[in-house]
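Please read the numbered points with the structure open.

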Amino acid sequence: MEAPCSNLLHIQDSVTHDPVHAHPLLQDMDSYRKMYNESIKDGNAFWKRMAEELLTWFRPFERVCNVDLSDEDCAIPEDGCVSWFEGGRLNACYNAVDRHVINGRGKKVALLHEANEVGVCRKVTFETLLKCVSQVANALLSMSVRKGEVVTIYMPMIPETVYCMLGCARIGAVANLVFSGFSSSALATRLQSTRSRVLLTADRLNRGNRLVELMPVVKDALLVCPHVEYCVVYQNSDQSVPRDGLEIADQLTCQSHSSALSDLSNSMAGIVQNFHHLIFYDFTEWMGKERMYCPCEWMDSEDPLFVLYTSGSTGKPKGMIHTTGGYLVYASLTHKYLFKVREDDVYACMTDLGWITGHTYVVWGPLLNGTTTCMFESTPLYPNPCRYWDFVQRYKVNIFYTAPTAIRALMKYGESEVSKYDLSTLRVLGTVGEPISPSAWEWYYRVVGKGKCSIVDSYWMTESGGILLAPIPGVTPMKPGSCCLPFFGIKPALIDPNTGDELTSKGIKGVMCVSKPWPSMARGMHGDYKRFVCTYFEPYRRHFFTGDGAYLDKDGYFWITGRLDDVINVSGHRLSTAEIEASLASHGTCTDVAVIGIPHDIKGQSICAFCVPKRGYEFQENLTFELCQHVRRTIASMAMPDKLYLVPALPKTRSGKVMRRLLRKIAAFEFDSLGDISTLAEAEVIDQIISVVRRQGGHK
Ligand code: WTA
């Protein structure tokens, strides 16, 4: 089998061995190999040491893992049931905040937040973070939120969202973050399936030129969630931060907003009547009246820390559960080694808290390590495509972590936009979320990193909790487009999809799996353990199935080739074609729908839908527009099809299966290479679809 990118330039050791960029913890590849081998050969000893070094335990754990990791050949249990650091008790928030204050880092900036407008910044020290988090925790306690209860958080990229995440962890509540771009039905589904009593939210968010009112979305969701008893609203519109670019250190949000709150209650009057027990609070008052210290709950290592919904191959999103001890050890260790963090570094991971990258690498990883972590509320293109570079220069960022889709979008504007800024503080550049093409890699390396930074192409997923494969900066020789080698403790396996056997030679393609338990593996799916086992552990016995295909080259480097299921990746957002199909079908005007992802220059993939209108709806004006809007209303605007074709029928096999392969070809205008269509039930359908696609023009 041929390498997917055989003509790659290999960046040689001059980069990796530059003393300025040496790794503080690992000398060279030999030290990586030594440590990696230990982590695989004697996982018990390795993880015991890491867990003791990285975290503060209130009570020490008795056992590292329920699987004996001193056996090199140990595998993942068939029911996916693993437990880590059993018997140990700890608190996530204590580890992320308190102990840094106790150790004299109280005055160090923990969160550096830049709002939508350039230069509007809030810096929150560890000391202040402790106070704010305690206030939120006390406020949650005053609503009788108890250990194990799920609290839903639907908030923008602001420090208050972090207070909520940490506040939940402090009292043992399970945070359920819902990305603030999701629609009311998506929010409602997540509130319902977790039976949340408490919703923490904001009135609006600003993103680029857009001002998004969240209240109408929240109201619609609450109408179908009578179990919600409290809704706490942060008045994001009343920005108490001056717009003149001044930095306000240690802002404590204690001002009164009672008039805003009464406006809100009035506007909610309809709901309040319907659900007399629903109580609204103004976030600032709600936390402001509380004491600034709250003791930490002692949690078991395997107590859930958060649940996070993600797309799978069926229409129903999956609420992945992550637990405390293992997740935190892995978040801290990966962050420390893969981003080469030093004490005074400014670290910026430019993602939203609503995704797993936001959880592990904006909040938990950096805060556990006492790192100053940035939060970015805007977009890379607002007010112009220099926003990221201005950000790096302004805050002297050392480590910058973003998605390939952003890099591709910025590349379009050329090098001159980047070279206006002083980016000399940068040392490590990370990417995540989708494969990075060698050309985007090279641009990131050369134009942004000036050939002096390591590129950490990190491969992982919501279910893995932390990075699985990536080069160690300053240590691993890099290859553009490859996520390189496994992190400590990760034993990757490529499996032959036909036989289910592990492929052991190099230079092969297969299904990407992991064959040993690692600490931050998801522990379940909210309310559906059977589906959890069936999705990840049944396809390839005694392995964890990632959902991706991969190629292993002759040097043992991994190249991710993309998803093998119906999950697509649009601008780094993970979406399920089945979920979009379910939304289109629920509009009630179509008999049949099919959604596919097709390659797109900037977004990676774009969404293309084929819909068969019911009789009587074929000529309805605006049907295409309405179907797209329906997806926006039921899921989110990022899930809206870029192209939607109304067709008389879908290509199906005789057994009734939609032949997506053909739709992909047609959508890409590759009419001449449709391949074998002999299994089609009605061959003439193809010509009809082609003529619709031709008529409506190419894919944007
Ligand atoms: C894809 C994001 C190639 C992959 C952390 C995975 C990647 C899915 C990479 C998970 C990468 C993530 N190279 N593909 N470096 N990183 N992916 O759950 O298909 O939002 O299965 O987690 O993104 O997306 P998720």
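1. His-335 is buried, at 0% relative accessibility; buried denotes under 20% relative accessible area, exposed over 50%, and partly exposed the range in between, with a 1.4 Å probe and protein chains only. The residue belongs to helix H12 (residues 325-338); helices (H or I, at least four residues) and strands (E, at least two) are DSSP runs numbered from the N terminus. Leaving aside residues up to four places away in sequence, His-335 touches Lys-340, Val-341, Tyr-347, Tyr-361, Gly-365, Pro-366, Asn-369 and Thr-371, where contact means heavy atoms within 4.5 Å.

2. This is a predicted model, in which local features need pLDDT of at least 70 and side-chain atom pairs count only at pLDDT 80 or more, whereas totals for chains, interfaces and linings use all residues. Residues are numbered from 1 along each chain as its sequence is written, and side-chain values use heavy atoms, with hydrogens and water left out.

3. Thr-371, one of the contacts of His-335, occupies the loop between helix H13 (356-368) and strand E18 (372-376). Thr-371 is also buried, with a relative accessible area of 2%. Beyond four places in sequence, the residues that Thr-371 touches include Lys-108, Ala-110, Phe-126 and Asp-345.

4. Which side of helix H22 is buried? The buried residues of H22 are Val-685, Ile-686, Ile-689, Ile-690, Val-692 and Val-693. They cover an arc of only 160 degrees around the axis and therefore lie on the same side of H22; the arc is that of the directions from the helix axis to the C-beta atoms. Asp-687, Arg-694 and Arg-695 are exposed on the other side of H22. The cover over the buried residues includes strand E31 (604-613), strand E32 (643-646) and helix H21 (660-667).

5. The structure holds 45 aromatic pairs. One of them is Phe-179 with Phe-182: the ring centres are 6.0 Å apart and the planes stand at 85 degrees, so the pair is edge-to-face. Rings of Phe, Tyr and Trp (its six-membered ring) pair if their centres lie within 6.5 Å; planes under 30 degrees apart count as stacked, over 60 as edge-to-face and the rest as tilted. Phe-179 is buried at 11% relative accessible area, and Phe-182 is buried at 8%. The charged end of Arg-190 sits over the ring of Phe-182, 4.5 Å from its centre; this requires NZ of Lys or CZ of Arg within 6 Å of the ring centre and within 35 degrees of the ring normal.

6. Two backbone angles deserve a check. Most residues other than glycine have a negative phi, and most peptide bonds are trans. Phe-85, in strand E2 (residues 84-86), has a positive phi near 55 degrees and is buried, with a relative accessible area of 0%. Arg-195 has a positive phi of about 50 degrees, but is exposed at 59% relative accessibility.

7. A cis peptide bond joins Tyr-382 and Pro-383, with omega about -5 degrees. Pro-383 lies in the loop between E18 and helix H14 (387-395).

8. An open sheet of five strands runs in the order E23-E22-E24-E26-E27, with antiparallel pairing; two strands pair if DSSP finds at least two bridges between them. Strand E23 (502-503) and strand E27 (558-563) are the edge strands, each pairing on one side only. Two bridges join E22 (residues 492-495) to E23, and the bridge partner of Ile-495 in E23 is Glu-502.
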